[in-house]
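Please study the sequence and the structure before reading each solution.

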Amino acid sequence: MLIERMATGPLGVNTYLLVENGACAVIDPGGEGQRIAARAALLGAQVEMILITHMHFDHIGGVDELAAATKAAVYAPQGELEAGPDPEKNLSAGMGLAPVFMRTAPEGLKGGQTLYLAGQPVRVLSTPGHSPDGLSFYIDGAVFTGDALMAGSIGRTDFPGGDMRKLLSGIQKELLTLPEETKVYPGHMQESTIGREKRTNPFLQGEDLWDL
């Protein structure tokens, strides 16, 4: 599988293009949907699905444009669907940036479901805490964690719906149980591996984590 990262939107979120046998999944199009669609075309791939880890504005700003350009199916956390068209809930209100009103209606996803990209299973993992119902996506030895787990860090929990205990619990149960060689592709910053985060991430050290 080809994995390509693009920085999109006003905050330069990590947007990922996953290409398998001519089919493409885009994870977290933060903006510039036409540019993402053009890049997929250059890779010889058709965007078939758009996957959203959580409905904060910097991860959804390009959904409408990309969906219109590609007719791809859009999937987002079931518990956050109402945040798309609401700048207050997607946190774009009051940011000094253009508010985000996502018009596309995604299909809701929950942890435990599986999607398929050209026959490759995409496992949906429940990793809330940075947002009320955040998800991660595991496919072919790689996990796309949005803002739940990042290299040497974890997501903020001071936003509405944030919960540190839920975040750490989801990371421990859904992410740290993956094989240590699993590559971690976060919504911000550089890539990592599950093994590296287990050993060095300061937020994931200490016996208390394993009691969650």
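**Exercise 1.** State which residues have the most contacts inside the largest nonpolar core.

*Solution.* A nonpolar core is a set of buried Ala, Val, Leu, Ile, Met, Phe, Trp, Tyr and Cys residues joined through side-chain atoms within 4.5 Å; buried means under 20% relative accessible area, exposed over 50%, partly exposed in between (1.4 Å probe, protein chains only). The largest such core has 25 residues, and Cys24, Ile50 and Ile52 have the most contacts inside it. Apart from this core lies another, of 19 residues, among them Leu115 and Phe137.

This is a predicted model, in which local features need pLDDT of at least 70 and side-chain atom pairs count only at pLDDT 80 or more, while totals for chains, interfaces and linings use all residues. Residues are numbered from 1 along each chain as its sequence is written, and side-chain values use heavy atoms, with hydrogens and water left out.

**Exercise 2.** Determine whether Ser136 is buried or exposed, and name the partner of its side chain in a polar contact.

*Solution.* Next, its relative accessible area is 0%, so Ser136 is buried. Finally, the side chains of Ser136 and Thr127 are joined by a polar contact of 3.0 Å (a pair of N or O atoms within 3.5 Å; within protein, one must be able to donate a hydrogen and the other to accept it, and residues adjacent in sequence count only if both atoms are side-chain atoms).
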